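Hi,

Here is the structure I promised to pass along. Have a look at it first, and then read on for what turned up.

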Amino acid sequence: MPKQIIIIGGGISGLALLHYLKQKYAGREDIQILLLEKNERLGGTVGSVIKDGCIFETGPNGFLDSKKRTLEFVKELNLENCLVKASQESKIRYLSVHGALHQLPSNPKSFLTFPLLNPLEKLRVLGEFFIPKRCDPRESVYDFGKRRLGEKFSMIFLDPMVSGIYGGDARSANLKSVFPRIYSLEEEYGSLFKAMIKIRKARKAGGNGTSGDNAMGAPAGVLTSFQEGVMQMTEAIGKKYQEDVYLNHEIQTIAQIGNQYTVIAQHGKQYTADELFLCAPAYSAGMMLKNAHSRLSQSLTKINYAPMAVVGLVCPVDYFAEKPKGYGYLIPSLEQKEVLGVLFESNIFTGRCQERQMLFRVMIGGARYPDILKKTKEELVGLALKEIEFLRGKSPAQDKTKGPRELFFMAWPKAIPQYNQNYSDLLKTIDEELQKNPNLHLVANYLKGVSLNDCIESAYQNAQSSRIA
């Protein structure tokens with residue numbers, strides 16, 4: 001008897017899942033796989049705006065090339081010749097503190113001369129070697145750093161790192177969920193420095209060491225994108241499987257009937273799923289499952305999301321006294337600024353704007369500043385323009401028409417899921433409910449990580465767990 005698999009959600013998780021399920025069941029004419037997307041385009045937060053000779057990313061601007069799964073995925077889409085690597089210059093990264101940019105240290109020597117930590121604070125960091133092991137699964141990122149490396153280290157390094165990756169607050173972000181590798185290093189070795197020394201020794205001796213991460217648990221690899229932006233990947237999947245994708249299908253509710261699910265879309269359209277994969281954000285998935293699985297629904301709707309406004313600005317290089325260098329900068333919360341950071345997009349990937357121009361992405365809001373939702377577009381763009389003015393330096397006065405101008409604006413009320421200290425409890429309930437319902441799967445960035453690499457790996461693993469006979 002024919003079987004039907006339904007995927008709800010056409011973001012990168014749903015699209016990658018569609019690809020892997022089509023691979024797994026290739027040649028099985030008795031299995032139909034459909035993807036239902038509520039919007040008129042695929043990709044979710046992934047989007048590449050091409051405007052005025054610029055390519056601007058509305059969401060993630062690439063992936064780290066250290067994960068074999070993602071590289072194989074790209075090859076299977078015949079896009080390997082479309083990859084572009086970040087420039088060497090983009091390895092230079094900054095923190096913005098006290099009205100100046102400070103280059104992040106990249107080696108022990110530069111750490112010892114780093115001006116934002118005094119000698120005692122640097123000694124406190126080195127003293128991590130002697131701090132007793134204490135693995136608390138509920139500990140926050142900030143408290144972990146304060147305990148092992150000193151509070152100033154948490155304030156200067158970990159705080160902006162969490163806001164830059166998750167739009168989150170290091171004081172509430174759960175270490176085990178946000179940086180599981182770092183948590184496991186303390187658990188296994190008792191100290192991050194001890195872990196670094198032993199892993200390096202193992203590598204020199206021919207051991208495997210870590211896979212895909214460096215010795216301190218930070219992600220390895222080179223930031224990689226596509227010639228026409230990340231959306232080139234999502235468009236390729238949509239084109240490859242266009243007969244299996246239904247756009248403008250907003251789901252009203254889901255009902256469970258025996259071992260099957262009835263999916264009811266707008267305008268009364270109904271689909272029967274022998275296996276159902278929900279690839280929508282947690283709050284959307286929770287609403288869809290309200291009638292079918294109330295306990296699961298309640299847990300999903302309790303997962304918090306941080307708001308984010310993203311502003312794309314372009315301006316002539318000669319607007320600046322000296323052209324800004326490097327990848328960009330993050331702003332620690334001690335600065336009390338609603339702007340979280342600025343990426344120098346045209347420095348990261350060549351060809352992102354016209355010659356003698358610079359393209360910037362300004363990130364505003366996050367978990368620390370939820371009130372940005374009350375601001376108007378004009379106010380948020382104004383914050384972005386003010387931030388670029390800070391970079392200008394003592395450049396000669398010139399016509400304002402030659403200054404930065406808005407290229408793109410998007411306000412995401414619920415941009416990035418927050419792996420906070422309540423997250424582990426919610427995850428436990430979610431896992432329990434999924435164990436009871438083997439024909440239901442959740443595949444999204446609120447479960448296995450927010451990066452493109454995480455989403456593609458999760459999609460692959462979930463496709464392998466498909467139970468259709």
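A quick word on terms before we start: helices here are DSSP runs of H or I that are at least four residues long, numbered from the N terminus. Please also keep in mind that this is a predicted model.

With that, take Q232, which sits in helix α10, residues 231-240. Is Q232 buried or exposed? Its relative accessibility is 13%, so Q232 counts as buried. Its side chain gets to the backbone nitrogen of E228, at 2.9 Å. If you leave out residues up to four places away in sequence, Q232 touches L79, C82, F226 and Q227.

Next, the overall picture. The protein chain has 17 helices and 20 strands. Its radius of gyration is 23 Å, close to the 23 Å from the globule rule for 469 residues, so the chain is as compact as a globular protein of that length. Along the principal axes, the C-alpha atoms fill a box of roughly 70 × 60 × 45 Å. Of the 469 residues, 52% are buried. Contacts across the sequence are well represented too: taking those with a separation of 6 or more, 73% are between residues 24 or more positions apart. As for the surface, the chain exposes about 22100 Å², and carbon and sulfur atoms supply 51% of that.

Now the inside. In soluble globular proteins, nonpolar side chains tend to be buried together. Here the largest nonpolar core has 107 residues, and I254 and Y446 have the most contacts inside it. Which strand gives the most to this core? That is β15 (residues 305-316), with eight residues. Another core lies apart from it, with 36 residues, including L35, V46, Y241 and C279. Back to I254: not counting residues up to four places away in sequence, I254 touches I8, Y261, T262, V263, L276, L278, M288, L289, N291 and A292.

I5 stands opposite E275 in β14.

- N174 is in the loop between α6 (151-166) and α7 (175-178). With a relative accessibility of 1%, N174 counts as buried, because the cut-off for that is under 20%. Its side chain reaches the backbone oxygen of P137 at 2.8 Å. Setting aside neighbours within four places in sequence, N174 is in contact with P137, R138, E139, S140, V141, Y419, N420 and Q421.
- L426 belongs to helix α15, residues 423-436. L426 also counts as buried, at 12% relative accessibility.

Cheers

How values were computed. Residues numbered from 1 in each chain as written. Predicted model: local features only at pLDDT ≥ 70, side-chain atom pairs only at ≥ 80, totals over all residues. Heavy atoms only, no water. Helix = DSSP H or I, 4+ residues; strand = E, 2+ residues; numbered from the N terminus. Buried < 20%, exposed > 50% of the residue type's maximum accessible area, 1.4 Å probe, protein only. Polar contact = N/O pair within 3.5 Å; in protein donor to acceptor, adjacent residues only side chain to side chain. Contact = heavy atoms within 4.5 Å. Core = buried A, V, L, I, M, F, W, Y, C linked by side-chain atoms within 4.5 Å. Rg over C-alpha atoms; globule rule 2.2 N^0.38 Å. Areas by Shrake-Rupley, 256 points an atom, 1.4 Å probe, with all protein chains shown as cover. Pairing = 2+ DSSP bridges.
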